[in-house]
Amino acid sequence: MSDSENQEAGAADSPAEGFAGILAERREKLDRLRAAGVDPFPHSFPQREEIASVLDAHQGLEAGAETDSVHRIAGRIAGRRGHGKAAFIDLRDATGQIQIHAKADVLGDQYGLLEDLDLGDFIGIEGRAIVTRRGQLSIEATTWQVLTKALRPPPDKFHGLEDTETRYRRRELDLIANEDSREVFRVRARTVSEVRRWLDDHGFFEVETPVLQPLYGGALARPFVTHHNALDRQLYLRIATELYLKRCVVGGIDKVYELGKDFRNEGISMKHNPEFTMLEWYEAYADYNDTAAGLEDLVSGVAARVLGKAEIERYGQTISLAAPWHRVTLRDAILEHSGIDIDELTDRDALSNALGNEDETAGWGKLVDTVFSKSVEPKLVEPTFILDYPEELSPFAKQHRDKPGKVERWEAFIGGVEIANSFTELNDPDEQRRRFEQQAAEIDRGDEEAQPFDESFIEALEQGMPPTGGVGLGIDRLVMMLTGAASLREVVLFPAMRD
């Protein structure tokens, strides 16, 4: 490994000529390896041990200790020190990092080939475990093998990859350089597994419904549109799984869920990405009180299993996820934080004037949603259910049993971010038809996010759907809360970016 490797740490900020020189040097090393009869891209490295298991097997050894334990490990070269007849190489795999002690008198002719290795290369090592005089567990290499020659340098080995734009666009570099980023996605993977475990343990049945749909629905959002050549018809990427999952309930699957991707043709922000991971579950014979209790149990239980505690850190404070969560109606929350009483300002123009709104396409329901998003949502730091929404905002929710003009709906918030939404589901087909007609009026007003009329869904309801409670939980946003991430882009491996 040449001294020029020491300059590669700053390669991303070097002039183009300097960086081109580094790439050319790596190509030359590749050629030299091949000329020496070394395959720089072999097919496998069998009988490999994970580095973490090697570290665990030799805990507690004293400085200077030697063992007869021989290990076969592999990983990426993360660092190198030493010159002449001995070198120390830091080798990292997905489970940990260990030091390799390479000596010329042990490796013989193989030692010279180390000069053609660079930071970022993958190698396989076989050797015995020892402890250096400084007390560091190492593998004294008796043989080594090139597994992959990296033709580009890794990010700065001293400072990591700190440029946010590059981290999102080149996530592979972020994962190479930043242990914190790797941990975020380990937490995400465990979160998804534990969410599934909770649902399976509670008797829910996992299904898969179409991503390409002849008619989008189940949320108020603008869809992505595509064309299917063989069918010669326009299709939409789904914005929600709701309407198909309810058909499963109609068909006799009383407890059903789907965990997968939804797509909405909307703006990009710290809380929004055009494609996102959503869990929806539906339970027959339940209502929105039952689903609220279920969400409290799921979120607190998943946090306890993933983080070891049912609490998170956000905005410099500890937030408990344990039940019961705070509950307040939408009307009372808006009144408290904005001084506007939506129960009094039921006329669209009166509410628009009170808000100073200039968007003529916004109906009364969208105006309510706007004032809530701006005045209330950022202040909902502790876990909170906002209850009882206007009918105009909830075309699939059942009328409130006690409050005319309202529906039985809640949205759940943590850390100023909505993480979940739930209804006592509307199962009256005639009322559903009326709601679709109500949404059609909003489409005529110019609202591109209104729900289109879905006759086939009404026909499904006419077959009979039992009383049902449904929940939509944003997995990306839940992971934001569990990891302390400030933006959705931190927890989505490859977020959507501008050119």
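## Exercises around strand β18

Ala-420 has Leu-473 of β18 as its bridge partner. The model you are looking at is predicted, so keep that in mind as you work through the exercises.

**Exercise 1.** Find out which strands pair with β18, and in which sense.

*Solution.* Start from the pair above. Strand β17 covers residues 417-424, and it pairs with β18 in the antiparallel sense over five bridges. Next, look at strand β11, residues 275-284, which also pairs with β18 in the antiparallel sense, over seven bridges. For a landmark here, find Glu-283, which stands opposite Gly-469 in β18.

**Exercise 2.** Decide whether strand β18 is largely enclosed or open, using its buried residues.

*Solution.* First, recall the cut-off: a residue is buried when its relative accessible area is under 20%. By that test, seven of the seven residues of β18 (468-474) are buried, so the strand is largely enclosed by the rest of the structure. Second, check the faces. In a regular strand, side chains alternate between the two faces of the sheet. On one side of β18 you find Thr-468, Gly-470, Gly-472 and Gly-474, and on the other Gly-469, Val-471 and Leu-473, all of them buried. Both faces are therefore covered.

**Exercise 3.** Classify the packing of helices α7 and α9 from the angle between them.

*Solution.* Two packed helices are described by the angle between their axes and the distance between the axes. For α7 (residues 179-201) and α9, the angle is about 135 degrees and the axes are 9 Å apart. An angle over 145 degrees would count as roughly antiparallel, and 65 to 115 as roughly perpendicular. The two helices are therefore oblique to each other. Their crossing is right-handed. To see the contact, find residues such as Val-187, Arg-190 and Trp-198 in α7, which are among those meeting α9, where Asp-297, Leu-298 and Arg-305 are among the partners. By class, the contact has six nonpolar, two polar and five charged residues.

**Exercise 4.** Compare two residues: is Glu-208 buried or exposed, and is Ser-352 buried or exposed?

*Solution.* Glu-208 lies in the loop between β6 and β7. Its relative accessible area is 79%, so Glu-208 is exposed. Ser-352 sits in helix α11 (residues 348-355). With a relative accessible area of 4%, Ser-352 is buried. Leaving aside residues up to four places away in sequence, Ser-352 touches Asn-357 and Leu-367.

**Exercise 5.** How many residues of helix α15 are buried?

*Solution.* Eight of the nine residues of α15 (475-483) are buried, and the helix is mostly covered. Among them are Ile-475, Arg-477 and Leu-482. Just after α15, Gly-484 takes a positive phi of about 80 degrees.

Definitions and conventions:
Residues numbered from 1 in each chain as written. Predicted model: local features only at pLDDT ≥ 70, side-chain atom pairs only at ≥ 80, totals over all residues. Heavy atoms only, no water. Buried < 20%, exposed > 50% of the residue type's maximum accessible area, 1.4 Å probe, protein only. Helix = DSSP H or I, 4+ residues; strand = E, 2+ residues; numbered from the N terminus. Pairing = 2+ DSSP bridges. Axes fitted to C-alpha atoms, helices over the stretch in contact; angles between N-to-C directions. Parallel < 35°, antiparallel > 145°, perpendicular 65-115°, else oblique. Left-handed = near helix turned anticlockwise from the far one by under 90°. Contact = heavy atoms within 4.5 Å. Nonpolar A, V, L, I, M, F, W, Y, C, P; charged D, E, K, R; others polar.
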